[in-house]
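This report goes through a few places in one protein model. Please look at the sequence and the structure below before reading on.

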Amino acid sequence: MTGRRKIIWIVTGVVLLSLLVTAGLIAEQWYRMEVCNYESMDGEPHGYYVYPDMDADSLLSMMQADYHVYSLRDWRWHKKHLLYTSPRPGYYRFPARIGDKHLIRRVQQGIESPVHITWTNQIRTREQLAGRLAEQLLMDSATLISCLDSAAYMAKYGLNRETAVCMFIPNTYEVYWTYDADRLFDRMRREYDAFWTAERQHKADSLGLSREEVVTLASIVESETNRKIEYPQIAALYLNRLRKGMCLQACPTVIFANGNFKTRRVLKRHLAIDSPYNTYKNQGLPPGPIRCTQGSTVDAVLNAPPTKVLYMCANPDFSGTHVFSVTFAQHAAVARRYQTALNERGIK
């Protein structure tokens with residue numbers, strides 16, 4: 001082989017090698033950009049809450065606890081190339097394997113993953129509701145309380161500060177973590193309207209009650225016992241009292257009015273409180289629910305059976321059930337036995 005041909009082969013080899021190296025680098029860049037630069041250590045997706053004051057490095061640090069980053073050099077180059085400085089606030093759930101571009105585009109554009117929020121019927125006040133929601137969303141409880149307490153704001157939803165909790169039916173809802181108050185309340189109003197089907201609305205109309213009055217009555221029923229089997233009977237009792245114009249005389253409303261939810265025994269001093277929620281003093285329903293009320297309890301009110309019962313008393317055997325009576329004389333006899341049982345157990 002002549003010297004000239006040798007030089008040609010060497011140059012050709014160098015060029016081919018350079019092309020292969022370049023192609024390899026380009027392929028790696030494409031792979032890290034488009035397919036995978038992050039791979040979770042356990043092979044599972046992982047989610048992260050990104051707060052307003054977080055930057056790109058803060059998110060990277062969080063992810064490195066769960067993901068292996070194959071090339072930090074590529075990551076920094078891609079970040080610079082895509083003009084990525086900080087993520088938008090939100091909750092993001094990433095797959096087990098993700099390329100730099102797809103990760104960056106999601107957090108740059110705020111393409112959030114949904115979260116699930118939930119609360120139970122143990123929520124009794126607007127403050128408790130606001131606190132529970134604030135635990136699960138980016139909003140603070142003060143913002144939520146101001147909305148719930150505002151007559152003007154709640155009027156947009158056909159409610160007031162007393163009935164505001166009506167549309168927060170205990171359940172699990174899929175939302176976005178960064179919901180503001182308007183989006184959250186709009187969503188809950190849609191859920192509330194969806195719950196009130198034409199059939200349910202017809203039943204409420206037949207009882208002569210508004211939606212909010214039905215929910216309010218259901219909240220009282222739910223507060224009377226943990227025995228769901230008794231809900232229809234208790235609902236029927238209170239409906240009978242409303243029809244006759246009698247005071248409901250519901251102890252849970254008095255407890256709500258006094259604000260001490262640990263009260264085990266309602267005494268005369270509790271009954272003396274001057275409050276629209278004191279159904280021993282005021283006829284009819286209180287101004288609004290005394291707890292967030294389950295949809296099934298609302299149905300118990302709407303489907304209450306025909307009955308003549310007007311009175312009930314906790315069962316003296318402390319089984320958690322009630323004894324229902326048609327006449328006051330029957331009720332008084334049961335009440336005396338129950339009071340005696342309370343005294344014997346030292347319950348005050």
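In which loop is Y51 found? Y51 sits in the loop between β2 (46-50) and α2 (56-63); helices (H or I, at least four residues) and strands (E, at least two) are DSSP runs, numbered from the N terminus.

The model is predicted, and local features need pLDDT of at least 70, side-chain atom pairs count only at pLDDT 80 or more, while totals for chains, interfaces and linings use all residues. Residues are numbered from 1 along each chain as its sequence is written, and side-chain values use heavy atoms, with hydrogens and water left out.

Buried means under 20% relative accessible area, exposed over 50%, and partly exposed in between (1.4 Å probe, protein chains only).

| Residue | Relative accessible area | Class |
|---|---|---|
| Y51 | 41% | partly exposed |
| S275 | 11% | buried |
| C166 | 3% | buried |
| C292 | 1% | buried |

**Helix α8 and F195**

F195 lies in helix α8, which covers residues 181-195. The expected span of a helix is 1.5 Å times one less than its number of residues. For the 15 residues of α8 this gives 21 Å, and the end C-alpha atoms are 21 Å apart, which agrees. Buried residues in α8 include A181, L184, F185 and Y192.

F195 counts as buried because its relative accessibility is 15%. Contact means heavy atoms within 4.5 Å. Leaving aside neighbours within four places in sequence, F195 is in contact with I169, R200, G295, V298 and D299. From F195 to G320 the separation is 125 residues in sequence and 30 Å in space, C-alpha to C-alpha.

**The loop with S275**

S275 belongs to the loop between α13 (268-271) and α14 (295-302). Residues up to four places away in sequence not counted, S275 touches A257 and N282.

**Cysteines**

A disulfide is a covalent bond between the sulfur atoms of two cysteines. Here a disulfide is counted as a pair of cysteine sulfur atoms within 2.5 Å. By this rule there are zero disulfides. C166 is in no disulfide, and the nearest cysteine sulfur, that of C292, is 9.2 Å away.
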